[in-house]
Amino acid sequence: MYNMTFEELSGDYSQERMDSVAKALEEVLTSALPQGCITVGVYEAAKSLNVDPDNVVLCILATDDEDVKDVALQIHFTLIQAFCCENDINILRVNNTRRLAEILGGGGGGKQSGGEPMDLHCVLVTSPHSSSWKDPALSKVNLFCRESRCMDQWVPIINLPER
């Protein structure tokens, strides 16, 4: 079991721990992508959550500074967060959509095949149909989410560092 420090009990994680979780999140995304276990986009995520919420293992909400003023996006986030909390789906907030695009798009600038930018505001990680997927990085991210909820941080924020 992981022993928490006073700073962590008050909700202040060490930079080393945050970097470790960010690295684990990147590992989760890069391992889930080739397995087809990633759903990208607010609308697509809502459809997936509606059809099979038990298959979703992680919800990532991504914003940049300018997205904070987007009222419609914030309403979508509120609804998705409520649904995820009700269905025991771990949620993370990521504040670097450009880095997320690099991870998911393989350096393609976060563009879809038609040249339009991907909607990276909501990313779902689903469990592959074979229940043999035991990812240590996912376990680390899930533990971080559970510990954050114990400290009343229902949607912890992760900074994905630039590479």
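Predicted model: local features only at pLDDT ≥ 70, side-chain atom pairs only at ≥ 80, totals over all residues.

User: What makes strand 4 largely enclosed?

Analyst: Strands are DSSP runs of E with at least two residues, and helices are runs of H or I with at least four, both numbered from the N terminus. Buried means under 20% relative accessible area, exposed over 50%, and partly exposed in between, with a 1.4 Å probe and protein chains only. Five of the five residues of strand 4 (residues 122-126) are buried, so the strand is largely enclosed by the rest of the structure.

User: Which residues cover each side of strand 4?

Analyst: C122, L124 and T126 are buried on one side, and V123 and V125 on the other. In a regular strand the side chains alternate between the two faces of the sheet.

User: How do you know that strand 4 pairs with strand 1 and with strand 2?

Analyst: Two strands pair if DSSP finds at least two bridges between them. Strand 1 (residues 38-40) is joined to strand 4 by three bridges, antiparallel, and V40 stands opposite V123. Strand 2 (residues 56-62) has five bridges to strand 4, also antiparallel; here I60 is the bridge partner of V123.

User: Why is one side of strand 1 and of strand 5 left without a neighbour in the sheet?

Analyst: The open sheet has five strands in the order 1-4-2-3-5, with mixed pairing. Strand 1 and strand 5 (157-158) stand at its edges with a single partner strand each, so one side of each has no neighbour in the sheet. Strand 5 pairs with strand 3 (residues 91-94) in the parallel sense over two bridges, and R93 has I157 as its bridge partner.

User: What is Q81 in contact with, leaving aside its neighbours within four places in sequence?

Analyst: Contact means heavy atoms within 4.5 Å. Q81, in helix 4 (residues 71-86), is in contact with L61, I91, R93 and V155.

User: How does the reach of helix 2 compare with the span expected?

Analyst: The expected span is 1.5 Å times one less than the number of residues. Helix 2 (residues 15-32) has 18 residues and reaches 26 Å from its first C-alpha to its last, close to the 26 Å expected. Its buried residues include M18, V21 and L25.

Notes:
Residues numbered from 1 in each chain as written. Heavy atoms only, no water.
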